[in-house]
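This report covers salt bridges and nonpolar cores. The sequence and structure are shown first.

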Amino acid sequence: MGRRRRAALLALLVLAAAGALAWTNREALLRAAGTFLLDPDAVAKADIAVVMRGDETRFDRAVKAAALVRDGWTDRIYVSSALADLAARDLAARGVVLPSAQDAIVSVLTQRGVPCERIVVDASPPGGGTAGEMRRLRAFMTATGLKSALLVTSWFHTRRVKRTAAAVLPELRLAVLASDDDEVAQRWWRQRYVAQAVIEEYAKLVLTKLALDPRFGDDPPSPQPAGPPGPPARCAGAAPGSPRTGATP
């Protein structure tokens, strides 16, 4: 048997052994993959709580933010704009009036006891992913003189939010909080859409680590700032999709 053939056979044996070992310990490895993404901070009193966008199905992030107000950690909540809100605007132009995802978050907050006047809704152009959301938050906090915020997001998003927030808002005091139970990180692969989110999150972490920031056609213009926040939500007695009125608190 030639040297190359022996080397190839040895490589195959090593791969087979590694595969068998990984399969035997698959649940421990999967748990480790989940807990690596979970990197929350301790809760601390702050000027405002931020509902990070991307959880417009279970609304865990909005529910958690409302609990922070109820428990006295903060007295205001900021909700960024997001690409999902554009769909409601497009439908409204065709005569189909439905609440946007941002409207739904506001509804969750008010139903959990947050007064209208404590909700700030950002109406600036959406897009840009998590970094774009942090830039909109920075514009809002700079305009209003706020110095600290509680960033509420899903457990698998906490590590990347911390990295992005530290890069975009280094001068502010921020704490990243997980909206859901950390036990989900121990069994994430058993739920289809959670598993999909975790796999996508690893791809996004790699891009962040490599300092790659792909540009897309629906991102807001760069490098100009994302713009100031819009008026507070008109969440009492307004029809779904109706324009919001009032002055920013």
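## Salt bridges and cores

D39 is partly exposed, at a relative accessible area of 23% (buried is under 20%, exposed over 50%, partly exposed in between; 1.4 Å probe, protein chains only). This is a predicted model, in which local features need pLDDT of at least 70 and side-chain atom pairs count only at pLDDT 80 or more, while totals for chains, interfaces and linings use all residues. Residues are numbered from 1 along each chain as its sequence is written, and side-chain values use heavy atoms, leaving out hydrogens and water.

D39 forms a salt bridge with K162 (a side-chain nitrogen of Lys or Arg within 4 Å of a carboxyl oxygen of Asp or Glu). K162 lies in helix α7 (residues 158–168) and D39 in the loop between α2 and β1, 123 residues apart (helices, H or I, of at least four residues and strands, E, of at least two are DSSP runs numbered from the N terminus). The salt bridge count is 10, including these:

| Pair | N to O distance |
|---|---|
| E27 and R190 | 3.6 Å |
| K162 and D39 | 3.5 Å |
| D71 and R70 | 3.3 Å |

E27 is in helix α2 (residues 26–37) and R190 in the loop between β5 and α8 (192–209), so their bridge ties together parts 163 residues apart in sequence.

In the largest nonpolar core, of 22 residues, I77 and L109 touch the most other members (a core is a set of buried Ala, Val, Leu, Ile, Met, Phe, Trp, Tyr and Cys residues joined through side-chain atoms within 4.5 Å). Helix α3 gives the most to this core, with five residues.
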